[in-house]
Amino acid sequence: MSSNGAVSKNTETVKRGLAQMLKGGVIMDVVTAEQASIAEDAGAAAVMALERVPADIRADGGVARMADPEKILEIQAAVTIPVMAKCRIGHFVEAEVLQSLGVDYIDESEVLTPADEEHHVAKSGFDVPFVCGCRNLGEALRRIGEGAAMVRTKGEAGTGDVVEAVRHMRRVMAELRQIQHMRPDELYAYAKEIQAPLNLVEEAAELGRMPVVNFAAGGIATPADAALMMRLGSDGNFVGSGIFKSGDPAQRARAIVEATTNFEDSALVAEVSRNLGEPMVGIANSSLQPEEMLAGRGW
Amino acid sequence: MSVRIGVLALQGDFAEHGAMLGRLDAEPVEVRQPSDLDGIAGLIIPGGESTTIGKLMERYALRGPIQALAEAGKPIWGTCAGLILMARDVGRCQPLLNLLDITVERNAFGRQTDSFETDLEIEGINGGPFHAVFIRAPIVRAVGPGVRVLSRLDDGTIVAVRHGRLFGTSFHPELTGDARLHASFVEMARHA
């Protein structure tokens with residue numbers, strides 16, 4: 001009854017595996033330890049520590065950066081669920097700082113102001129796993145090629161408008177369906193067209209799904225939004241401003257968790273949606289100027 | 001004959017367990033409410049976040065019916081978060097099933113960067129070591145009377161236990177290609 005194997009850490013299996021444990025769950029944006037505890041009590045599968053929620057980043061303007069390490073340490077001390085944190089696109093030193101703090105996952109996020117307009121972080125070299133945003137299959141597979149162990153569709157963060165999240169999830173799922181029916185020579189041409197590594201295009205075609213866990217994000221504000229994203233094929237939901245910018249965060253958080261679990265049970269979604277109070281105010285994406293869209297960040 | 005095995009599907013990697021069962025002569029059944037437990041021969045409680053699964057288990061009044069399943073002699077197996085949920089004591093207040101007389105320490109190895117893979121010898125599993133994936137894994141600190149230790153790490157840490165037809169593993173056989181533990185569980189359920 002003794003083990004006889006060497007111990008390997010930080011493998012792809014272990015990095016992707018944590019995302020698999022989050023499936024069917026909700027990852028909630030929090031800016032304080034108190035919010036993190038509310039999220040955990042409501043049934044969050046993980047929390048995302050950041051300096052300001054996307055709605056405030058949008059309202060305040062200026063440069064959005066990694067959160068204060070002190071805040072991240074406070075949040076880590078407050079909860080037992082995994083703690084994720086955001087770094088700027090391409091800011092590998094922010095990523096190293098977050099890794100040194102012992103965060104469980106890093107989100108290299110378009111919600112923060114990009115630090116590099118050409119390069120993303122070379123994520124394979126890190127011990128900590130990364131999640132990245134995508135709008136289509138090519139972008140997702142480029143990020144996985146760089147070492148991302150989880151992806152999420154970008155949506156349009158801080159708006160409370162789910163339309164972009166739907167657009168991106170539909171696009172990704174449709175492209176995954178298409179490649180399953182392609183011949184090998186068509187896959188070569190398609191990989192070139194979507195600027196994705198060929199081996200990952202072939203892997204996704206063979207699996208019939210994204211090679212890593214794929215959550216939805218960016219504009220999910222209600223239990224019905226959360227269930228909609230699951231119905232479109234998402235593995236789980238990130239909810240940012242939608243919870244702590246609403247009238248009753250604890251109740252809304254619980255409702256979104258329940259709707260994510262029971263996404264096929266519309267009667268239950270109706271039940272948890274009753275008397276939830278004010279949702280976040282929201283900004284219609286159609287009213288945004290192109291330069292105000294965060295989803296265009298990332299290359 | 002194909003045997004129906006429930007997989008608690010409130011949150012976590014229940015689909016991975018379902019895929020493993022699908023490779024065997026078993027029909028996976030996703031369990032979200034008490035009526036889903038009708039007619040199953042055994043239950044798997046998957047990996048995930050034990051606080052999330054526990055709260056939803058309480059919300060949908062699944063605790064009593066799962067405990068009744070155990071009392072009726074049906075096999076139940078918890079992996080990682082599932083092991084935590086089956087424990088009597090985890091050192092903090094959270095909803096538990098109290099099925100195994102064990103004391104569990106959550107996140108016992110540290111944070112995600114301390115997650116690891118290794119090979120294990122497991123009592124009752126023949127054909128060489130079992131490749132085990134530990135992710136923010138719990139360990140069993142103490143076992144009560146009647147609880148048998150099935151596997152330990154080199155340093156003696158307990159990572160698999162059994163009491164009658166109740167099993168708990170700190171690691172995730174559903175993340176490997178090795179279906180031996182699932183096969184052994186399905187066989188027990190078939191004859192239970």
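User: Is B:Thr118 buried or exposed?

Analyst: Please note at the outset that this is a predicted model. Burial is judged from relative accessible area, and a residue counts as buried under 20%. B:Thr118 has a relative accessible area of 2%, so the residue is buried. B:Thr118 sits in strand 7 (residues 116–120) of chain B.

User: Which residues are in contact with B:Thr118, leaving aside its neighbours within four places in sequence?

Analyst: From chain A, B:Thr118 is in contact with A:Gly5, A:Ala6 and A:Val7. From chain B, the contacts are B:Phe130, B:His131, B:Ala132, B:Phe134 and B:Leu153.

User: Why does B:Ile76 count as buried?

Analyst: B:Ile76 counts as buried because its relative accessibility is 0%. The residue belongs to strand 4 (residues 76–79) of chain B. Not counting residues up to four places away in sequence, B:Ile76 touches a set of residues including B:Leu43, B:Ile45, B:Ile66, B:Leu69, B:Met86, B:Leu99, B:Phe167 and B:Phe185. B:Arg165 is also among the residues touched; B:Ile76 and B:Arg165 are 89 residues apart along the chain, yet 6.6 Å separates their C-alpha atoms.

User: How many salt bridges does the whole structure hold?

Analyst: To find a salt bridge, one looks for a side-chain nitrogen of Lys or Arg within 4 Å of a carboxyl oxygen of Asp or Glu. Over all chains, the search finds 31 salt bridges. One of them joins B:Arg136 to A:Asp104, with 3.4 Å between the closest N and O atoms. This pair crosses between chains: B:Arg136 is in the loop between strand 8 (130–134) and strand 9 (139–143) of chain B, and A:Asp104 is in the loop between helix 5 (92–100) and strand 5 (105–109) of chain A. Both B:Arg136 and A:Asp104 are buried.

User: Where do A:Glu175 and A:Arg171 lie?

Analyst: Both are in helix 7 (residues 163–179) of chain A, four residues apart, which is about one turn of the helix.

User: How many residues apart are B:Arg190 and B:Asp25?

Analyst: The side chains of B:Arg190 and B:Asp25 meet in a salt bridge, at 3.9 Å from N to O. They are 165 residues apart and link distant parts of the chain, B:Arg190 being in helix 5 (residues 180–191) of chain B and B:Asp25 in the loop between helix 1 (14–23) and strand 2 (26–31). B:Arg190 is partly exposed at 27% relative accessibility, and B:Asp25 is partly exposed at 41%.

User: Which residues are linked in a network of salt bridges?

Analyst: Salt bridges can also be read as a network, and here one links A:Lys86, A:Asp107, A:Glu110 and A:Arg152.

User: Which residues of helix 5 of chain A are buried?

Analyst: The buried residues are A:Glu94, A:Ala95 and A:Leu98. Viewed down the helix axis, these buried residues fall within an arc of 100°, so they line one face of helix 5 of chain A. They pack against helix 4 (69–78), strand 4 (83–88), strand 5 and strand 6 (130–134) of chain A. After helix 5 of chain A comes A:Gly102, with a positive phi near 80°.

How values were computed:
Residues numbered from 1 in each chain as written. Chains lettered and ligands numbered in written order. Predicted model: local features only at pLDDT ≥ 70, side-chain atom pairs only at ≥ 80, totals over all residues. Heavy atoms only, no water. Helix = DSSP H or I, 4+ residues; strand = E, 2+ residues; numbered from the N terminus. Buried < 20%, exposed > 50% of the residue type's maximum accessible area, 1.4 Å probe, protein only. Contact = heavy atoms within 4.5 Å. Arc of directions from axis to C-beta.
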